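Colleague: I have a structure open and would like to go through it with you. Can you put it up?

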Amino acid sequence: MGVVRNTERFACDLAARLRLAPGEAAQVAPAPTRTGPGGALRVRVVNYARGGLGLRTDVFVPRGARIEVEVDGVEGLRLEGRVQRVAMVSRAPAYEVGVSLRAPGAGAGPDAAFALLRDAARDAHGEERAA
């Protein structure tokens with residue numbers, strides 16, 4: 001059975017940083033060359049929707065992990081979610097990570113977050129493409 005989606009996803013390619021929730025960081029021990037400031041993992045957002053994100057990373061992130069994602073160039077947007085799916089797509093290594101977004105508290109709501117991601121993708125690619 002395939003992945004069931006409640007909302008349409010849109011393709012993009014945006015640089016971002018991923019941080020694991022404090023209690024979960026011990027599950028992932030990437031080499032220092034694979035992290036940025038504050039130990040954040042460098043990832044790419046490869047698709048987005050109102051309810052989730054698709055990420056690509058070269059570091060394994062376990063299913064069920066609580067994470068936070070900040071997209072480069074989109075100031076003030078901090079997305080919190082939970083990893084729902086992980087698939088190794090290359091021996092390089094490369095992983096595709098499916099994230100369901102948590103209903104934000106003080107941060108941007110789902111519609112505002114979606115609009116900011118859409119605008120960033122349009123700035124990077126000049127158009128919106130269904131994934």
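Colleague: Where does Thr57 lie?

Modeller: Thr57 is part of strand E3, residues 52-57. Helices (H or I, at least four residues) and strands (E, at least two) are DSSP runs, numbered from the N terminus. This is a predicted model: local features need pLDDT of at least 70, side-chain atom pairs count only at pLDDT 80 or more, and totals for chains, interfaces and linings use all residues. Residues are numbered from 1 along each chain as its sequence is written, and side-chain values use heavy atoms, with hydrogens and water left out.

Colleague: Is Thr57 buried or exposed?

Modeller: Thr57 is buried, because its relative accessible area is 4%. Buried means under 20% relative accessible area, exposed over 50%, and partly exposed in between (1.4 Å probe, protein chains only).

Colleague: Which residues does Thr57 touch?

Modeller: Leaving out residues up to four places away in sequence, Thr57 touches Arg42, Val43, Pro93, Ala94, Tyr95 and Val97. A contact means heavy atoms within 4.5 Å. Separately, a polar atom of the Thr57 side chain lies 3.1 Å from the backbone nitrogen of Val59.

Colleague: What stands opposite Thr57 in E6?

Modeller: Tyr95 does. E3 and strand E6 (residues 94-101) run antiparallel and are joined by six bridges. Two strands pair if DSSP finds at least two bridges between them.

Colleague: And how many bridges are there between E5 and E6?

Modeller: Eight, and the pairing is again in the antiparallel sense. E5 and E6 form a hairpin, with three residues between them. Within E6, Ser100 stands opposite Arg82.

Colleague: Changing topic: how many salt bridges are in the whole structure?

Modeller: A search finds eight. A salt bridge is a side-chain nitrogen of Lys or Arg within 4 Å of a carboxyl oxygen of Asp or Glu.

Colleague: What does Arg17 form a salt bridge with?

Modeller: With Asp72, where the closest N and O atoms are 2.1 Å apart. Arg17 lies in strand E1 (residues 10-20) and Asp72 in the loop between strand E4 (66-71) and strand E5 (78-90), so the pair ties together parts that are 55 residues apart in sequence. Both residues also belong to a network of salt bridges that links Arg17, Arg19, Glu70 and Asp72.

Colleague: How do Arg17 and Asp72 count for accessibility?

Modeller: Arg17 counts as partly exposed, at 24% relative accessibility. Asp72 counts as partly exposed too, at 37%.

Colleague: Which residue forms a salt bridge with Glu68?

Modeller: Arg78 does, with the closest N and O atoms 3.2 Å apart. Glu68 is in strand E4 and Arg78 in strand E5, so this pair ties together parts ten residues apart in sequence. Arg78 forms a salt bridge with Glu80 as well, its closest N and O atoms also being 3.2 Å apart. Arg78 is partly exposed at 43% relative accessibility, and Glu80 is partly exposed at 22%.

Colleague: Last topic, the chain as a whole. What pattern does it follow along the sequence?

Modeller: The pattern is β-β-β-β-β-β-α-β, from one helix and seven strands. Of the 131 residues, 35% are buried. Among contacts with a separation of 6 or more, 61% come from residues 24 or more positions apart.

How values were computed: Polar contact = N/O pair within 3.5 Å; in protein donor to acceptor, adjacent residues only side chain to side chain.
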